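This report covers a surface patch, a pair of loops, a strand with its partners, and the chain as a whole.

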Amino acid sequence: GFVPASQLVNFPLLHIAQERMHALAGLQGKMLCLKIIELNPGKNRLVLSERAAQVDAEQRVNLLFKLRPGDVVPGLVTNLTDFGAFVDLGGIEGLIHISELSWSRVVHPSRIVQPGQQIRVKVLRVDRELELIALSYKHMRPDPWHSAEARYRPGEMVKGIISNVKSFGIFVLVEEELEGLIHVSEMPDISFLHPRDIVQEGERITARILHVNGAEKRMALSLRLDTPPNTLARD
């Protein structure tokens, strides 16, 4: 089984890799009282926690029955997986699904939060029988897409930072948690094997808005000068 450093009791938050490895090596051969916090036989994955094992059972039950959907509570990010982030709420853990981390597309939870980070989250659902708590991090901030159509118009030029490059196009971060897509067909008419041949992540660019759909959280952009904006895309 695997015990993340964030799940060890009194483990120092060391940022220097060599010091961190030295501290972890000092635990080799020691007996630990641990609790299972994640089990996935299909992936041969077993995650354990020393900190969770020290939480009183009565404390867990009290907290579980105290929480209500809509509550905003503080928590500590304890573990990251491909599907989300686990957060300790003070004796019981909840899960922020990857879709609830940000209003924009999330490649991996590590792009948004880190183990050991203190955050505030909103409770979405509580299953007391299964002891499952669904949380949201993005609902702590307004959804920028609600007003996107009023703030961005087809034909306008916008500046942004390239956040991801795919074979089908380029994602551009126009503002925090609001991304637009430049499809390969809207890139300059030159021969290349992959968009990475002409642009890189982190690069600042200026593009023209083709259309915006706030309901579907989509913004189409173009680097071409000869393509008229699609004003019918809102219908």
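## Nonpolar patch

In this predicted model, I36, L39 and L46 make a nonpolar surface patch of about 280 Å². Patches are made of residues with over 30% relative accessible area and no salt bridge, with like charges joined within 9 Å and nonpolar side chains (Val, Leu, Ile, Met, Phe, Trp, Tyr) within 5 Å. A salt bridge is a side-chain nitrogen of Lys or Arg within 4 Å of a carboxyl oxygen of Asp or Glu. Accessible areas come from the Shrake-Rupley method with a 1.4 Å probe, and for residues only the protein chains shown count as cover.

L46 belongs to strand β2, residues 45–49; helices (H or I, at least four residues) and strands (E, at least two) are DSSP runs, numbered from the N terminus. The relative accessible area of L46 is 31%, so it is partly exposed; buried means under 20%, exposed over 50%, and partly exposed in between (1.4 Å probe, protein chains only).

## Positive phi in two loops

Most residues other than glycine have a negative phi. N44, in the loop between β1 (35–40) and β2, has a positive phi near 50 degrees. With 74% relative accessibility, N44 is exposed.

E177 sits in the loop between β9 (169–175) and β10 (178–183). Its phi is also positive, at about 65 degrees, but E177 is buried, at 9% relative accessibility.

## Strand β11 and its partners

Seven of the 10 residues of β11 (residues 204–213) are buried. Strand β8 (residues 157–166) runs antiparallel to β11 and is joined to it by five bridges; two strands pair if DSSP finds at least two bridges between them. In this pairing K159 is opposite T206.

Strand β12 (residues 218–222) is likewise antiparallel to β11, with five bridges, and L221 is the bridge partner of I209. Four residues separate β11 and β12 in a hairpin, where K217 in the turn has a positive phi of about 55 degrees.

## Whole chain

The protein chain has four helices and 12 strands. Its C-alpha trace spans about 70 × 40 × 30 Å along the principal axes.

Of the 235 residues, 40% are buried.

## Basis

Residues are numbered from 1 along each chain as its sequence is written, and side-chain values use heavy atoms, leaving out hydrogens and water. Because the model is predicted, local features need pLDDT of at least 70 and side-chain atom pairs count only at pLDDT 80 or more, while totals for chains, interfaces and linings use all residues.
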